[in-house]
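Please consult the sequence and coordinates before reading each solution.

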Amino acid sequence: QVQLVESGGGLVQAGGSLRLSCAASTRTFSSGAMGWFRQAPGKDREFVAAINWSGGRTLYADSVKGRFIISRDNAKNTVYLQMSSLKPVDTAVYFCAAGSLGSLLSEYHYWGQGTQVTVSP
């Protein structure tokens, strides 16, 4: 059974940092790229970052470039999102996904349940 489980969300003050993790079943992880998306209340789900199988190629939304870093540990079937200099606008539910490298929701076939990140002013 395909499974993605996010963790690491929580409440942080503006300017702080959090690291999200997404543990994947082996079958899911071997499908290739992994991505992070987020959805704020009342808004559409949006792309945050993605990484290819080897970790040699990454993509970032303009809004998080220079603040967030995506990485993966294939030996642990885990992808990470290190978030720094957090802003209240980063408040959202963060989802990890597995699929093809890209920024479109349609490029990802498997999704986790999400983890809440709340950034206070």
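Two exercises with worked solutions follow.

The model is predicted: local features require pLDDT of at least 70 and side-chain atom pairs pLDDT 80 or more, whereas totals for chains, interfaces and linings use all residues. Residues are numbered from 1 along each chain as its sequence is written, and side-chain values use heavy atoms, without hydrogens and water.

**Exercise 1.** Determine the strand order of the open sheet of 4 strands and its edge strands.

*Solution.* Step 1: strands are DSSP runs (E, at least two residues), numbered from the N terminus, and two of them pair if DSSP finds at least two bridges between them. Step 2: the order is β1-β3-β8-β7, with antiparallel pairing. Step 3: β1 (4-7) and β7 (68-73) each pair on one side only, which makes them the edge strands. Step 4: β7 is joined to β8 (residues 78-83) by 6 bridges in the antiparallel sense; F68 has M83 in β8 as its bridge partner.

**Exercise 2.** Classify the ring pair of Y108 and W111, then locate the charged end of R45.

*Solution.* Step 1: rings of Phe, Tyr and Trp (its six-membered ring) pair if their centres lie within 6.5 Å; planes under 30 degrees apart are stacked, over 60 edge-to-face, the rest tilted. Step 2: the centres of Y108 and W111 are 6.3 Å apart and the planes stand at 65°, so the pair is edge-to-face. Step 3: ring pairs link F37, F47, Y108 and W111 into a cluster. Step 4: a charge sits over a ring if NZ of Lys or CZ of Arg is within 6 Å of the ring centre and within 35 degrees of the ring normal. R45 sits over the ring of F95, 3.6 Å from its centre, and over the face of W111, at 5.0 Å from the ring centre.
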